[in-house]
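Let's walk through a protein together, one feature at a time. Have a look at the sequence and the 3D picture, and then we will begin with a pair of charges.

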Amino acid sequence: MTAAGGSTSVAVVDYGSGNLRSVAKAFERVASERGPGTDVVVTSDPAVVRRAGRIVLPGVGAFADCRGGLYGLPGMVEALTDAVIGQGTPFLGICVGMQLMAERGLEHVVSDGLGWIGGEVKLMTPAPAPDGLPLKVPHMGWNRLNLLQPEHPLLKGIEEGAFVYYVHSYLFDVADRADLVAVSDYGGEIAAVVGRKNYFGTQFHPEKSQANGLAFIRNFLDWRP
């Protein structure tokens, strides 16, 4: 929450499945550019998450493993739900952290997600490239954004066709296209940014997407949903 004096805290959730160091470093860099008043903390404490002004849920690995790590922290899912759904705290999920907002994941086993956004996470099956060669899975590298909601505050200053960085084998197949904010093409459509209200997520890694990623993080810190 925003404290007296205008300071705010950003909680990066540590549940044993995130690329915490690079995510926290990127947020700290943007926070330092904004001057004093934004504190970034990596935490596995539900009480800290519940009090935070903004919440970031990174994620690397398999959906079921990440889900197990998150639900394995006593009180964490309840704290996230209370803060994000109950109190309207701005939330950003990154990669598998974004996928966990789905109703379920189909990676190796069927696993329930947080269920905040309708849809499921399933294996990518890209069509061949124009030259007929197969596209590799996992999808690793830079790809362009197609902005479906270019006026959204989280996309401020990010141009149509901007490059962002991906590392993933599974994608979020959203049930309602109104929840799609931006997509990329990799032998088919990839949900690049999904969300509604105060909770959003990116399949790409803003912490690895250089200027465009830092712009996205800056927008998240400025965002007043």
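Start by finding R104 and E120, whose side chains meet in a salt bridge with 2.8 Å from N to O. A salt bridge here is a side-chain nitrogen of Lys or Arg within 4 Å of a carboxyl oxygen of Asp or Glu. The two partners come from distant parts of the chain: R104 sits in strand β5 (residues 104–105) and E120 in strand β7 (residues 119–123), 16 residues apart. Helices (H or I, at least four residues) and strands (E, at least two) are DSSP runs, numbered from the N terminus. R104 counts as partly exposed because its relative accessibility is 35%; buried means under 20% relative accessible area, exposed over 50%, and partly exposed in between (1.4 Å probe, protein chains only).

Before going further, a word on what you are looking at. This is a predicted model, in which local features need pLDDT of at least 70 and side-chain atom pairs count only at pLDDT 80 or more, while totals for chains, interfaces and linings use all residues. Residues are numbered from 1 along each chain as its sequence is written, and side-chain values use heavy atoms, with hydrogens and water left out.

How many salt bridges does the structure hold? There are 8. Side chains of opposite charge can pair when their charged atoms come close. Another example joins D82 and R50, with 2.4 Å from N to O. Here D82 belongs to helix α4 (residues 76–86) and R50 to helix α2 (residues 46–51), 32 residues apart, so this pair also links distant parts of the chain. D82 is partly exposed at 34% relative accessibility, and R50 is partly exposed at 31%.

Now move to R177 and E189, which form a salt bridge of 2.8 Å, N to O. R177 lies in the loop between β11 (170–174) and β12 (180–185), while E189 is in strand β13 (residues 189–196), so the pair ties together parts that are 12 residues apart in sequence. E189 is partly exposed, with 42% relative accessibility.

Next, let's look at the backbone. Most residues other than glycine have a negative phi, and most peptide bonds are trans. Which way does the peptide bond from V137 to P138 go, cis or trans? It is cis, with omega near 15 degrees, and P138 is in the loop between β7 and β8 (139–144). C95 has a positive phi, near 60 degrees, and is placed in the loop between β4 (91–94) and α5 (96–99). K197 has a positive phi too, of about 50 degrees, and lies in the loop between β13 and β14 (199–202). Are these two residues buried or exposed? C95 is buried, with a relative accessible area of 5%, whereas K197 is exposed, at 65%.

Finally, step back to see the whole chain. Its secondary structure comes to 6 helices and 14 strands. The radius of gyration (taken over C-alpha atoms) is 17 Å, close to the 17 Å that the globule rule gives for 225 residues, so the chain is as compact as a globular protein of that length. That rule is 2.2 Å times the number of residues to the power 0.38. Buried residues make up 52% of the 225 residues.
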